[in-house]
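Work through the exercises below with the sequence and the model side by side. Try each task before you read its solution.

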Amino acid sequence: MSVRRSTVIFAWILLLPAVLYVSVIVAYPLVDTFILSFTDASLKKTTKWVGTANYDKIFNATFAEVIVRTFVWTAFSVAIKMIIGTFGAVMLNAAVPGRALFRVLTMPPWIVPMAIGIFMWGWMYNGQFGMISGMLQNWGLVDGPVAFLAHGSTAFWATIITDVWIGVPMVTLYMLASMQAIPQDLYEAAWTDGAGRFYRFRRITLPLLVPSMITMSMLSLIATFNSFDIIWILTQGGPNGDTTTMIIDTYRTAIGSKKYGEGAARAVLICIFLSIFCIAYFRVTHRLASGEGR
C-alpha cells in the first residue's frame, strides 16, 4: 500500500465519527422531513401520499404575510444586534478604567437562562404592573397603562427588543475578540503619521472587521430566523397573528394541529430559505478571500 493511499484511509478514519454524526443527526431527519412533507401524516393510523398538496396549501396570502413578517423581524433584530454589539465592542476595547468590569457586565443577558430572561421581559411589558408602562406614566408620556403585548405593533417591536437583549452579548464578545486580533502595529504606525481615532477606526478597524461582521451576521441571522422561545413565551404568535413567524406557524401546524405533513412542508421551506442565506454567505466570504489574495 502506497503512502498516499494509507494517508487517505487514515484521513477517512478520522472523519468517520463526523460523517456518522452528520448522517444520523442531520441528514436522516432532513430526508425524513422532506419525504413527510409529501404525505398527509397526522394522528390518523394511515398515511397517504398527497404529492405537492401540502405546498399548495401554504402558498397563499396569509402565509405570504408570515414570510414577510419573518424577514422583517429577522432583518431588524439582526441589524440592531450588529450595530449595538459592534459599538459595544469598540467601547470595551478602549483603554478606560474599569474595562474588565464592563466586560463582565455584558454577560448577564447571555448567562441567564433564556426562559427566565423572557419571562422577566414579559413582566416588564405588562400594562398593569410592568416597569416600562409605569415609567412612561410617571414621566407623563402616556395617560394610562400600556399593554405592550396586547397590540400588534407594540408586541412586534417588544419581541425584537427582547431578542436584541439576549443576542447582543454574543455579538459584542465576538466583535471584541476580532478587534483584539488586529495587529497593534497598524495602529501605532497610523498614530505616528498623525491619524486621529476616527480615521484609525474607519481605515483600520472597520475594514479588518468586515469578515467577522459578515460571519457574525450570518450566525445571528440563522439563530434569529429560527427563534422560537422568545415569541412563543411572550405572545405565542399573537395578538391576531401579528408576531407569528414561520417557525411559530410551523409549530402550530405540526404540533398544535397535529398536521405533520403540512408542518413538514413548512419546515422544508424554512430550510430552503436558510440554505439560500448560507450560499450567499459563502459566496461573499469567497469574494473577500479572493480580494485579500490579490
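Predicted model: local features only at pLDDT ≥ 70, side-chain atom pairs only at ≥ 80, totals over all residues.

**Exercise 1. Describe the fold and the overall shape of the protein chain.**

Step 1: Count the elements. The chain has 13 helices and 0 strands.

Step 2: Check the extent. The C-alpha trace spans about 85 × 75 × 30 Å along its principal axes.

Step 3: Compare with a globule. A compact globule of 294 residues would have a radius of gyration near 19 Å, but this chain has 24 Å.

Step 4: Look at burial. Of the 294 residues, 36% count as buried.

**Exercise 2. Trace the largest nonpolar core.**

Step 1: Find its centre of contacts. The core has 36 residues, and F63, F225, M246 and L269 have the most contacts inside it.

Step 2: Name the contributors. Helices α2, α3, α8, α10, α12 and α13 each give two or more residues.

Step 3: Follow L269. Leaving out residues up to four places away in sequence, L269 touches I58, F59, F63, I67 and M246.

Step 4: Look at α12. In this helix, residues 246-256, the buried residues include M246, I247 and I248. K258 follows α12 and has a positive phi, near 60°.

Note on methods: Residues numbered from 1 in each chain as written. Heavy atoms only, no water. Buried < 20%, exposed > 50% of the residue type's maximum accessible area, 1.4 Å probe, protein only. Helix = DSSP H or I, 4+ residues; strand = E, 2+ residues; numbered from the N terminus. Core = buried A, V, L, I, M, F, W, Y, C linked by side-chain atoms within 4.5 Å. Contact = heavy atoms within 4.5 Å. Rg over C-alpha atoms; globule rule 2.2 N^0.38 Å.
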